[in-house]
Amino acid sequence: MISNSAPEGVAAGKTISTEAALRYVVELKTTYDGPNREEYVCEIDQFADDFRKKHGPQVPVAEAYAILKDLEARFGRVE
């Protein structure tokens with residue numbers, strides 16, 4: 001689940017480390033038990049690589065929060 005404190009960080013203009021923002025996304029690979037697992041894992045890896053290249057070591061909380069909400073819609077709830 002995405003932290004309920006994220007909106008507070010959004011309002012404060014804070015940043016989060018890219019790796020912290022990706023932690024739950026990358027963990028989705030280990031818990032996925034559906035069809036086309038290889039394709040699913042590949043898509044997660046590609047997303048994570050692109051995210052790292054785009055944002056470097058830090059990402060604004062507002063952007064990370066929006067991205068994680070989108071990922072929850074695409075891949076399921078982030079725990």
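**Close-up views of a predicted model**

**View 1. Residues of helix α2 meet residues of helix α3 in this predicted model****.** On the side of α2, the contact is made by Thr18, Glu19, Ala21, Leu22, Val25, Val26, Leu28, Lys29 and Thr30. Their partners in α3 are Arg37, Tyr40, Val41, Ile44, Asp45, Phe47, Ala48, Phe51, Arg52 and His55.

**View 2. Helices α2 and α3 pack with their axes 9 Å apart****.** Two packed helices are described by the angle between their axes and by the distance between those axes. Helix α2 spans residues 18-31 and helix α3 spans residues 37-55. The angle at which they pack is about 175°. Angles over 145 degrees count as roughly antiparallel, and α2 and α3 are therefore roughly antiparallel to each other.

**View 3. Asn36 lies in the loop between α2 and α3****.** Most residues other than glycine have a negative phi. For Asn36, by contrast, phi is positive, with a value near 55°, although this residue is not glycine. The relative accessible area of Asn36 is 54%. Exposed means over 50%, so Asn36 is classed as exposed.

**View 4. Tyr32 and Tyr40 form a stacked aromatic pair****.** A search of the whole structure finds two aromatic pairs, and the pair of Tyr32 with Tyr40 is one of them. The centres of the two rings are 3.7 Å apart, and there is an angle of 10° between their planes. Planes under 30 degrees apart count as stacked, which means that this pair, at 10°, falls in that class. Tyr32 is partly exposed, its relative accessible area being 23%. Tyr40, in contrast, has a relative accessibility of 10% and counts as buried.

**View 5. The protein chain contains four helices and two strands****.** Read from the N terminus on, the order of these elements is α-β-α-α-β-α. The chain has 79 residues, of which 29% count as buried. Among contacts with a separation of 6 or more, 75% are between residues 24 or more positions apart. The accessible surface of the chain amounts to about 5200 Å². Carbon and sulfur atoms account for 53% of this surface.

Key:
Residues numbered from 1 in each chain as written. Predicted model: local features only at pLDDT ≥ 70, side-chain atom pairs only at ≥ 80, totals over all residues. Heavy atoms only, no water. Axes fitted to C-alpha atoms, helices over the stretch in contact; angles between N-to-C directions. Parallel < 35°, antiparallel > 145°, perpendicular 65-115°, else oblique. Contact = heavy atoms within 4.5 Å. Phe/Tyr/Trp six-rings, centres within 6.5 Å; stacked < 30°, edge-to-face > 60°. Buried < 20%, exposed > 50% of the residue type's maximum accessible area, 1.4 Å probe, protein only. Areas by Shrake-Rupley, 256 points an atom, 1.4 Å probe, with all protein chains shown as cover.
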